Amino acid sequence: MIRSNDIIDKVNSYTTISDSEMESIRASYVYSAKVHAGQKRVSGEPYLSHPLEVSAILADMKLDVASVITGLLHDTIEDTLTTKEEIENLFGKEVSFLVDGVTKISRLSFNSEVEEQAESFRKLILATAKDIRVILVKLADRLHNMRTLEHLQADKQQRISKETFDIYAPLAHRLGIYWLRTELEDLSFKYLKSEEYKKIYSLIQKKKKEWDKYIEEVKSLLYTKLEESNIESEISGRMKHAFGIYNKMINQNIEFDKVYDVIAFRIITDSVNKCYEALGLVHSVWKPVPGRFKDFIALPKLNGYQSLHTTVIGPFGEKMEIQIRTKEMHELSEYGISAHWKYKEGNLSKNEFDRVYANLRQLLEWKDIKDPNEFLDAVKGDLIPHMVYVFTPNGDLKEMPSGATPVDFAYSIHTEVGHHCTRAIVNGKIVSLNHILKSGDTVEIITSKDKNPNQDWLKFVVTASAKTKIRSWLRSKEEDQSKVVGKSICERKFKQQGLNFQKELKNEKLSSVLADNKFKNIDELYIAVGFGKISVSEIMKHFIVKEIVEDKDHKKSRIDRIIKKITRDSSDGILVRGYNDILIRISNCCSPLPGEDIIGFITRGRGISIHKSACPQLFEIDPTRKIDVEWDKSYKGLRSARILVKCSDQPGMLSNITKSISSSDINISRAEMSSPDETNAIGTFDINIKDIKQLNKLMSRITKLKGVKSVERIADENFDNKYVNK
């Protein structure tokens, strides 16, 4: 296990620390050891090993003493009885703020894991807005957890790896810390697609000696050419990481042996002029590949990254990438934002501050999104690493995610420009609003006050900003319509009982109606009625004398019994908070299973539709139409699920898969196999399942069969996810 002196030595290697700072590091080590005493990690190691490793990672990132101390203390508030006040008294307000910023809010009560994840990340980015070091400590914490993930159960490995891949690896990229991004991607890949990872890792190991030899030969050639031109340089070569190779194979639909630019070289010079000289020399020696040159020195990335990138046909006829940069640019590439954070010299200058926070500012815009799924969707959308660079008519540069359209561009200019964009002109030509923008395009947006967003825009926009603003506008219009409908329904129903609704609004009983249903004002009541979230009869109970209500209820009792008989079976297995005997429909778009977080959506005339909490379709609806639901743990029935198996086309494959399913005590209601080509086969199986845990266990079992390449759960609109075996 690493020692406190090892950490102090690391810090001393890049900065001079005072005796008092050294004592603070030792004191934080002793305190962490004390409060974590007796705690063990799942691996069996003392828990203290984790904060020590996190602190060492922060030292490797060359952060200041306060960050290193925070690494030692980062879990004290969350996992021990330590309070923020105690940390502040012992180690100061700065460390206390950082420790609290990294601390999750899992001690509070949440309805789902998604909500907890969203609120913890919301807290994290709010703290990061005040101090960038918060997110750097969190990334170091996540990196060590991923490095030791093999000790956790498979379902936790999958969940943590998915979160890491979706949020933390892209976040490291956004901050410019590329070594951290690639390690997080590879570790996530290892658990999310274990078979593919093992295969690629094995292939890399077989080629390693050959590639190492190739790297040394090319480096020798480069050194010779650069020295002949009096260009002093440092040259290094590296292989693409496992996920980078896999991603290229998938995107280009090629086999491992066809990934030619696996090796990249880096030339580090002492000035910008020397960078361009080196580029010219490289192009004079080896033929450049058209369209593969990028000048990130003249046009830096949003995170400040600068370098020249070119791909050439190398000395042995293979494509190879060469990056050329200065030492300062390389420092930023290695350490990202942390390379800018000059703690010892005091605060950042205004220009440095703006540059450091520019790439996180968009994330902060989403802090007020209430729906946890939409919040995480917005954050993930803003962390998309592949970008294109386009220009406004005035020549201003805009960085957009790959796949962006003129509508995305319009919303990046201003919300009103986005709302009213009617057409776009790209490079002088009129294009459709769903046109895909490319680097170098000049984009002009034409607006019209008569033009407004529509649902179809959500099918092609890719930026979180555009999606969120379109959804907000659509919901606002839907609320306005529901308010009018709700008011009309109230007036009509009250009139049927001989009451004047407008006069009744002045009745003090209205306050109890609003209070009982947690409505802030009468408009919220109208909207709820318009959406069908509350019936007018519930409202009228406060205004109509008891005898009338009882008489009306008696007349309807027979009808109610019939309705209950029809709807009772439909709601088995789902509990709807505040409702009984209501029509329930499991959504086909995501086909949730027991054990998964779910949410209800009040439809018009079709009862409540049940979705996964993370179902993308829910992002487009108003949050007021959502309702809390949960699985009935006493329900013993089975539900249908569908899995897709990709495998080799070989004899006995179908038999092996069906045997694996049946031996898991699971019934198959339908099985279908097809062969898209001579070597591959695709199988679709409809099965009757208890819950998500049983499904995941089955999928893991099938994945291990020889010849099986992948297993995934699918849902489509034609698949009837109904209750079975009732």
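Q: Two strands pair if DSSP finds at least two bridges between them. What makes S12 and strand S14 (residues 608-612) a pair?

A: Three bridges join S12 to S14, and the two run parallel; because the rule asks for at least two bridges, they pair. Arg 585 stands opposite Ser 609 in S14. This is a predicted model, in which local features need pLDDT of at least 70 and side-chain atom pairs count only at pLDDT 80 or more, while totals for chains, interfaces and linings use all residues. Residues are numbered from 1 along each chain as its sequence is written, and side-chain values use heavy atoms, with hydrogens and water left out.

Q: Why are S12 and S15 called edge strands?

A: The open sheet has four strands in the order S12-S14-S13-S15, with mixed pairing. Strand S12 (584-586) and strand S15 (626-627) each pair on one side only. A strand here is a DSSP run (E) of at least two residues, a helix one (H or I) of at least four, both numbered from the N terminus. By that count the protein has 27 helices and 21 strands.

Q: Why does the second largest cavity count as a cavity, and what volume does it have?

A: On a 1 Å grid over the protein atoms alone, a cavity is a set of points where a 1.4 Å probe fits but cannot get out. Points are joined across faces, edges and corners, and the volume is the space filled by probe spheres set on them. The second largest cavity holds about 40 Å³; the count of cavities of 30 Å³ or more is two.

Q: What makes a residue part of the lining of the second largest cavity, and which residues are they?

A: A lining residue has an atom within 4 Å of a point. Leu 222, Lys 225, Leu 226, Leu 281, Val 282, Val 285 and Trp 286 line this cavity. Six are nonpolar, none polar and one charged; Leu, Val and Trp count as nonpolar and Lys as charged.

Q: What makes a residue buried, and what share of the protein counts as such?

A: Buried means under 20% relative accessible area (1.4 Å probe, protein chains only), exposed over 50%, and partly exposed in between. Of the 726 residues, 48% count as buried.

Terms used: On a 1 Å grid over the protein atoms alone, a cavity is a set of points where a 1.4 Å probe fits but cannot get out, and a pocket is an open set with protein on both sides within 12 Å along at least five of seven lines; lining residues have an atom within 4 Å of a point.
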